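Please look at the sequence and the structure below.

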Amino acid sequence: MGEQYWKWAESRWTAPDVYWTKTATVTAGVDVGSVSAQAVILVDGKLYAYSNMRTGSDSAESARKAMDWALKGSGMGLEDIQHIVGTGYGRVNVPFARRAITEIACHARGAHAMYGPSVRTILDVGGQDCKAIRCDAQGKVTTFLMNDKCAAGTGRGMEVFADLLAVPITQMGQMSLEVAEEPPPVSSTCVVFAKSEASALLRAGWPKNRVIAAYCSAMVHRIATLLNRIGVEPDLAITGGIAKNIGIVKRLENKIGLKALATEYDPQIAGAVGAALFAKTLLEKSRGGL
Amino acid sequence: MIANYGYKDGSGEYFITLDTDRCDGCGQCVEACPLGVLEIITDDYYNVVAAVTEEHRNKIKYSCGPCKPTSRVRNLPCISACKPGAISHSW
């Protein structure tokens, strides 16, 4: 087996300026998705550490690995975390979570915290689903829609194309923008058929970047129809791995006429951030506060 | 909350929309649906409301088929049973 172009880089981060003491409120969120898992640790509601990894088929194992990596070198142990909430597809299989909350509610709350309280629309394009969410000024969901029936318009679709074209996944977005003019989108709505359509375009002499542009364009069209069903209200935040693909982000911004907000953190951690914030609320409730 | 359950695939868009602000969790729709598509859940914000079951979410085009000889049928058992008018179908 040659190089695996779809493989995106895992990441880990610790806050340089947040200190943890035994008296603090320490909560965590673990988001176990279909292709990635994230663990986020908050100290008094502030981002303390996070990890973002590719998952295997075992949700419990993925959750454990993500949590271990987030904790690594922090001096904190699993026993120091006072409340943990699990979210994502594998949320019921997070062994150390005290509660499971849907990824819809967690993404809204997490994006609201990461991108700021002006966020009203969240688009999360995950590994194998696409979520369009609207929230209020408190980060509470007001409308949602999720499509996980079909891989078209998901991160996995982009990974399949990276492998087909032998282009590292992180370069797909930039390459797709290096076209003199926008090609017509691939017509297939299915990733498998879009792949065979792309192979035909390559045989017909299309350069790689033009093929990627055609695929990005089709994907954006698909995502935009889902967003339009719930209605887009500014500001918009894009979360999930696709937020790192400039080819999709730029085309989507053009299509809906709205710029997406930026974040200094990994956009893939939004769900886990939300879960950790829910954990904080639950902890405070259980202590009888508020 | 406007909860859209369903999917879009190559053949079209199929969503059952539940307005949880209108839904009072009475469960009449659950009784009315002959295919067991709906259930009463406690959502993330502790509201007791109707939802489409996990099992049916990705096949409602087929699950709802028997009640819909054609698209745009509106006097469906679930919709008729819902007094607050919280349920709608996209197709």
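Which residue in S1(B) is the bridge partner of Thr143(A)? The partner is Ile2(B). This is a predicted model, in which local features need pLDDT of at least 70 and side-chain atom pairs count only at pLDDT 80 or more, while totals for chains, interfaces and linings use all residues. Residues are numbered from 1 along each chain as its sequence is written, and chains are lettered from A and ligands numbered from 1 in the order in which they are written.

**Strand pairing**
- Strand S9 (residues 141-147) of chain A and S1(B) run parallel and are joined by 3 bridges.
- Two strands pair if DSSP finds at least two bridges between them.
- Strands (E, at least two residues) and helices (H or I, at least four) are DSSP runs, numbered from the N terminus.

**Chain B against chain A**
- The contact involves 12 residues of chain B and 16 residues of chain A; two residues are in contact if their C-beta atoms, placed from the backbone, lie within 7 Å.
- On the chain B side, strand S1 (residues 2-9) gives the most, with 6 residues.
- That side of chain B has 6 nonpolar, 3 polar and 3 charged residues.
- Ala, Val, Leu, Ile, Met, Phe, Trp, Tyr, Cys and Pro count as nonpolar, Asp, Glu, Lys and Arg as charged, and the others, Gly among them, as polar.

**Domains of chain A**
- Chain A is divided into domain 1 (11-111 + 268-286) and domain 2 (117-260), with bounds from an automatic or database domain assignment.
- The centres of the two domains, taken over C-alpha atoms, are separated by 27 Å.
- Domain 1 puts 12 residues into the contact and domain 2 puts in 20 residues.
- Helix H2 (residues 103-115) of chain A gives the most to the domain 1 side, with 6 residues.
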